[in-house]
Every structure is written in C-alpha cells, then in structure tokens.
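I opened the notebook today to look up a few side chains and see who sits beside whom. Here is what I had on screen.

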Amino acid sequence: MSHPTSADSKISIIHWPAKTLVNPVIGKPSRPISGNTEYQTMNVFEGLGGKVSSGTWQSSAGHFSSNVQGYIEFCFIVEGDCRLVDPDGTVHRFGVGDHFIMPEGWTGHWEVDHFVKKVYLVAEA
C-alpha cells in the first residue's frame with residue numbers, strides 16, 4: 001500500500017480493515033519451537049524514513065521464539081488469543097482487546113493454541 005509522505009502535498013488519515021488482510025506477506029517463524037505455524041503480515045504504513053511501521057499480523061497455531069532487537073513493538077489483539085512467555089517462565093495471556101508493548105531487548109516465546117491477530121506499531125530503537 002502506498003501512502004503520502006510529509007513531502008507530498010496531502011497527508012491524510014490511514015485507515016485499513018483489521019478483519020481482512022489484503023495481499024499479505026506469508027511467512028514462517030525463523031525460530032520455531034513446535035507446530036507448523038504460518039503467519040501473514042499486511043504492513044500498511046511506514047514513516048520517519050522507514051523507522052516506524054504499522055499494520056496487521058496474524059498467526060496460526062504453534063510456539064515460536066521472539067527476540068526483539070533494535071525496535072519496540074506495540075500490539076493490540078483484535079482476534080483470537082495467545083501467550084507470551086518470558087525466559088523465567090512468567091506467562092502473559094492476551095485476548096481480544098488486550099494491548100501490550102514488547103520493549104527493545106525482550107526475549108521469550110509466543111504460544112498460539114489456535115489463531116491470533118494483532119494490529120501493531122513498530123518503532124526502531
């Protein structure tokens with residue numbers, strides 16, 4: 001999706017349907033733990049020279065490691081549920097309407113039993 005930048009003559013609000021992903025990028029976790037997880041990402045905005053991005057991401061069932069290096073991420077769950085597990089075993093449960101931030105340097109893993117969909121905002125640290 002193409003959106004105006006501050007150099008363009010018109011800046012407008014960016015709105016996208018969180019329910020339906022349009023032309024998503026399909027991928028698999030780079031650090032799977034269990035399951036045959038597939039995720040889809042629809043990035044709808046980039047700003048500040050690519051240092052900030054936002055969109056919708058969804059994942060099928062599975063467990064996979066996460067290593068947040070060089071960025072922070074705000075997440076808002078719009079469908080399904082998941083757990084994020086800290087290295088010390090602390091479990092954070094998230095469902096529809098929950099929001100959280102993964103700070104730069106966070107490591108742990110995701111546990112998705114069935115399906116989860118989030119709206120995200122990523123900012124490079």
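Which backbone nitrogen does the side chain of E104 reach? The model is a predicted one, and in it I found that nitrogen to belong to G70, at 3.1 Å.

**Entry 1: around E104**

I placed E104 in the loop between β7 (99-102) and β8 (107-124). Setting aside residues up to four places away in sequence, I listed what E104 touches: V68, Q69, G70, Y71, I72 and A125. E104 has a relative accessible area of 39%, so I noted it as partly exposed.

**Entry 2: the nonpolar cores**

Next I looked up the largest nonpolar core, and it has 16 residues. C82, L84, F100, M102 and W110 have the most contacts inside it. I traced its members to strands: β4 (52-67), β5 (71-85), β7 and β8 each supply at least two residues. β8 gives the most, with five. Another core, of five residues, lies apart from this one, and W16, L21, M42 and V44 are among its members.

Beyond its neighbours within four places in sequence, M102 is in contact with S66, V68, I72, E73, C75, L84, W110 and K118.

**Entry 3: salt bridges**

How many salt bridges did I count? The count came to four.

I started with E73 and K118, whose side chains meet at 2.7 Å, N to O. E73 is in strand β5 and K118 in strand β8, 45 residues apart, so I wrote this pair down as a link between distant parts of the chain. Are these two buried or exposed? E73 has a relative accessibility of 7% and counts as buried, and K118, at 5%, counts as buried too.

E79 forms a salt bridge with K117, with the closest N and O atoms 3.6 Å apart. E79 lies in strand β5 and K117 in strand β8, so the pair ties together parts 38 residues apart in sequence. I noted E79 as partly exposed at 28%, while K117 is buried at 3%.

Last, I looked at E111 and R83, whose side chains meet in a salt bridge at 2.8 Å, N to O. E111 sits in strand β8 and R83 in strand β5, 28 residues apart. Both count as buried, E111 at 14% and R83 at 15%. I also found R83, E111 and D113 linked in a network of salt bridges.

Notes
Residues numbered from 1 in each chain as written. Predicted model: local features only at pLDDT ≥ 70, side-chain atom pairs only at ≥ 80, totals over all residues. Heavy atoms only, no water. Helix = DSSP H or I, 4+ residues; strand = E, 2+ residues; numbered from the N terminus. Buried < 20%, exposed > 50% of the residue type's maximum accessible area, 1.4 Å probe, protein only. Contact = heavy atoms within 4.5 Å. Polar contact = N/O pair within 3.5 Å; in protein donor to acceptor, adjacent residues only side chain to side chain. Core = buried A, V, L, I, M, F, W, Y, C linked by side-chain atoms within 4.5 Å.
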